[in-house]
Amino acid sequence: AGKVSSIDEAIRGNLARACDAWDIDEAGIEKELISTTITARGESTVKPLSRLQAQDTRDSVSRNLYDWLFEWIVNKINVTTDATASCVHWIGLLDIFGFEDFEHNSFEQLCINLANETLQSHYNNHIFTQDMKECAEEGIDTTAVTFVDNKACIELLVGKIGIMSLLEEGHPDFAIATGKSKDNAFKIKHYAADVTYCIDSFMDKNRESVKDAVKVALGKSNVPLIRSIVPVPDDGNSRPAAKVTVGGFFKNQLKELMDVINATNPHWIRCIKPHMAKKARMFSHLSVMQQLRSAGVLDTVKVRKAGYPIRFKKDLFLMRYRILIIPTEDGTDRDAICNNIFKRLGITMETGQLGKTKVFLRQEAFLKLNHAKDEATHKYSLMFQALGRASKVRASLFVDYVKMHRARILSERRAK
């Protein structure tokens with residue numbers, strides 16, 4: 001990597017444009033980007049940074065400026081909309097983090113996928129666990145119903161000895177950089193897919209610290225907005241406060257988000273891109289299937305299919321399929337009537353069960369019931385049609401008989 005003492009002339013114009021936009025001293029910021037000042041026993045030593053360190057410093061300055069500006073915008077919006085005002089009923093819209101798996105995945109992708117895993121866990125709990133809970137409350141046997149759980153993945157990421165905890169502790173494995181991808185990478189089996197992460201710069205990105213000298217240089221900007229968003233450097237005379245890492249801050253915000261979501265009644269809208277080319281009249285079935293799989297939609301369908309997705313209140317069930325009830329059955333015993341219908345149609349516990357207040361059906365049983373209902377409707381329709389036609393014919397014959405009888409009586413009278 002070697003030492004650097006100056007900015008590459010090929011990109012010096014980029015630094016000049018940035019300094020012009022920020023309205024700061026170019027020489028001062030250049031010095032801080034390519035070197036660091038170490039103070040020991042009252043003596044200061046300027047140490048050149050390696051190319052990789054200089055690049056990390058450059059990226060850190062850019063990311064922190066973006067973060068400070070983003071936070072300023074959010075605060076302005078909250079103040080403008082009076083977000084702190086008390087409200088009994090409210091609607092919140094959350095644009096869920098998209099699962100990321102690139103050719104090169106780093107700390108940013110790990111944080112994004114952690115959020116995705118956490119939200120997916122909430123979705124699993126809300127859709128699957130609550131579904132199984134309802135079945136249990138109704139006394140339905142669901143031992144054969146299974147679904148993929150991602151709790152182990154979340155524990156791996158944020159558990160007591162998880163990846164984020166090890167990163168917070170500065171585990172030496174994250175500081176190793178051999179230059180060989182196989183030595184600098186680890187793979188996580190996420191809910192959506194397996195992702196390989198490269199640990200290069202993990203610790204630097206997690207600390208995401210900007211030198212006080214850089215803050216001072218940016219704080220001297222002639223742009224009021226930049227001066228207002230740049231934090232005040234630490235006072236050398238005061239006791240330094242514990243710095244919150246990016247990973248720690250992200251985990252805390254994620255927890256706060258989940259606390260809000262868990263206190264609401266959520267509704268999920270899954271947005272699927274038909275393709276990635278951003279062109280009209282295109283549809284990529286492989287891309288769509290991958291999105292459905294990673295979003296948990298396919299697992300939802302599988303669990304619903306494995307469970308009892310079709311459910312009716314018993315009164316509604318009997319009203320819907322009353323045509324299948326035998327007239328001699330006791331109309332007061334709803335469970336007995338339902339069981340008799342199941343028995344006549346060959347519906348077993350694997351495809352249909354009676355709960356305390358509801359009837360739980362799988363697709364096979366639902367199709368059987370509808371087929372039997374259609375057949376019974378057709379049978380009784382033919383019967384009613386036959387009775388109607390017979391009644392019509394009898395009425396016609398009776399009219400003919402009356403005409404003939406009247407004609408005979410009139411004929412006999414004329415003969416007399």
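On a 1 Å grid over the protein atoms alone, a cavity is a set of points where a 1.4 Å probe fits but cannot get out, and its lining residues have an atom within 4 Å of a point. The model here is predicted, so local features need pLDDT of at least 70 and side-chain atom pairs count only at pLDDT 80 or more, while totals for chains, interfaces and linings use all residues. Residues are numbered from 1 along each chain as its sequence is written.

Phe99, Asn116, Glu117, Gln120, Tyr191, Ala192 and Ser294 line the largest cavity. Its volume is about 40 Å³, a volume being the space filled by probe spheres set on the points. Helix H4 (residues 107-137) hands over the most lining, with three residues; helices (H or I, at least four residues) and strands (E, at least two) are DSSP runs, numbered from the N terminus.

Moving on to the strands, three of them make an open sheet in the order S5-S7-S6, with antiparallel pairing; two strands pair if DSSP finds at least two bridges between them. Strand S5 (310-313) and strand S6 (352-354) sit at the edges, each pairing on one side only. S6 and strand S7 (residues 358-361) are joined in the antiparallel sense by three bridges, and Leu354 has Val359 in S7 as its bridge partner.

Then there is Glu71, found in helix H3 (residues 51-80). Glu71 is partly exposed, with a relative accessible area of 45% (buried means under 20%, exposed over 50%, partly exposed in between, with a 1.4 Å probe and protein chains only). Glu71 and Ile229 are 158 residues apart in sequence, yet 8.6 Å apart in space, C-alpha to C-alpha.

Definitions and conventions: Heavy atoms only, no water. 1 Å grid on protein atoms, 1.4 Å probe; cavity = no way out; pocket = protein on both sides within 12 Å on 5 of 7 lines; lining within 4 Å.
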